[in-house]
Amino acid sequence: MAEVPAPTPITEWPDYSISPTGGDVMTQDLNALYDKGDLCWMLVATILCWQITPAIGFLYAGMHRRKAALTMIFQSLFCACACGIQFWVYGYSLYQSHTTGPFLGDLSLAGLHNVLAQPSLANPDIPDIVYACFGFTFVTATAMILAGAMLERGRLWPSMLFLLCWTTFVYYVLAYFEWNPNGWLYKLGVYDFAGSGPVHIASGFSALAWALMLGRRRDVEGNLCKHGGVTFRPHNPFLVGLGTILIWFGWYAFNGASTANLSLRSIYVVVNTNLAACGGGITWVLLEYAFHRKFSIVGFCSGIISGLVGITPAAGFVPVYVAALVGALTSTASYFTVKYKHLLRVDEGLDIFAIHGVGGFVGDILTGFFAADFVPALDGRSNTYSGGWWNRNWQQMGFQLAAACTCAVWSFVISIILLFVINKIPGLHLRATEEDEVRGLDFKYLMDVDPEGDVMVVSGMGSVTPGLSGGTSREGVAMDIPSEKRD
């Protein structure tokens, strides 16, 4: 039997139309033109980014009342799995296909067919398969950000269907607009480094639409809350803190690897990300203390996440000495949106709209203001950017405003349409029954919760231990709970 010769290192990439995979792996070494450091950085960053989705589940679980907290953990696992399968089947192709039109990609990469060694559209320093692996984490995290809008009263099956429809008609469309070289916002010259539009603005404004369609929550007696802006005290601030820490940790990779290579710009982005989180967190607690003379763990976490949201579009464009300011300004805008959200009379209790919708919008605008031409050039190849107002590129602010408004309007309108249609399908009405809502979604859907066992049984705003007749209100005062509500 003749000896098979070793693969020959590839010296240049063939035209995409001739070989979409980049070459023949049996006869050519397709690793030869890639730097192993870039590949290692992207792979490690992808692993770190993956944990953002369950971390958001922890964050939301802590902010819920106990009776619906586990449902958020379930939703985070659903987003990680189902949205990941969808991404493989057709999602990646919709926004990263190489042969596309001005509005949306085709299905040439469906099932990740032909996704292998050919240089990616994001950066020729890494192959398509690596960027697909990294992009998987973005859509799952975005879907989970939005999932919190079902807050204690959305039925699980319609919610899961909506999330899959939403990623198809909102996320992938906006991602194509901004990240595919054929997308019209990309061609316009919009700066959105790591996904403010498709991720934060889209999820924030869609959460507002979902909360609007679901209506207000019910109180402990089963009555609709009088004011749309009502909030119940989070049942577990420890989980909120843990979720925030994991999100902060994962955000280093989320932003840092959006350079799609390992370079000075990657490190610069991580520094910007950290400083913005610090500026956002400090600003929020100072504002809280100014108004309430007390601090709040949940508020601190909200400020940190607001800072992270604000720096997402800006991290690879703005100088390091304004990063904390970007976080502080975004946090301020989100704080006052939360403070006066009751004026909207919409029960969006997790503040997804305030932190991600408004925060992302403000971050987009600040990117246009503070962007500097030298920051993108730190990656060794992106020296064609004109910067923002600081570089006297006055039109950039208009581009940023156009992108932010496009993402906000598209996501809100399409979400309303999708929710309306799903709600009209027999058996898929959006809102849980009064009994299921008051009792808790965990008891409706999850076998992990045993109301007769030795776990805490939840009723309304408080919790009771089996055999006892009272619980603790959100003010910490003992209260009697009617027997018909305790089970």
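I began with the largest cavity, which has a volume of about 140 Å³. I then listed its lining: of 17 residues, L59, Y60, I305, I355 and H356 are the closest to the centre. I noted that the model is predicted.

I sorted the lining of the largest cavity by class and found 14 nonpolar residues, two polar and one charged.

How many cavities of 30 Å³ or more does the structure hold? I counted three.

Then I turned to the backbone. Most residues other than glycine have a negative phi. I looked for exceptions.

I found one at N114, where phi is positive, near 70°. N114 sits in the loop between α3 (69–96) and α4 (128–147). Is N114 exposed or partly exposed? Its relative accessibility is 21%, so N114 counts as partly exposed. The buried class covers values under 20%.

R293 also went on my list, as a residue that is not a glycine but has a positive phi of about 60°. I located R293 in the loop between α9 (264–292) and α10. R293 counts as exposed because its relative accessibility is 58%, and the cut-off for exposed is over 50%.

Notes: Residues are numbered from 1 along each chain as its sequence is written. This is a predicted model: local features need pLDDT of at least 70, side-chain atom pairs count only at pLDDT 80 or more; totals for chains, interfaces and linings use all residues. Side-chain values use heavy atoms; hydrogens and water are left out. On a 1 Å grid over the protein atoms alone, a cavity is a set of points where a 1.4 Å probe fits but cannot get out, and a pocket is an open set with protein on both sides within 12 Å along at least five of seven lines; lining residues have an atom within 4 Å of a point. Grid points are joined across faces, edges and corners, and a volume is the space filled by probe spheres set on the points. Ala, Val, Leu, Ile, Met, Phe, Trp, Tyr, Cys and Pro count as nonpolar, Asp, Glu, Lys and Arg as charged, and the others, Gly among them, as polar. Helices (H or I, at least four residues) and strands (E, at least two) are DSSP runs, numbered from the N terminus. Buried means under 20% relative accessible area, exposed over 50%, partly exposed in between (1.4 Å probe, protein chains only).
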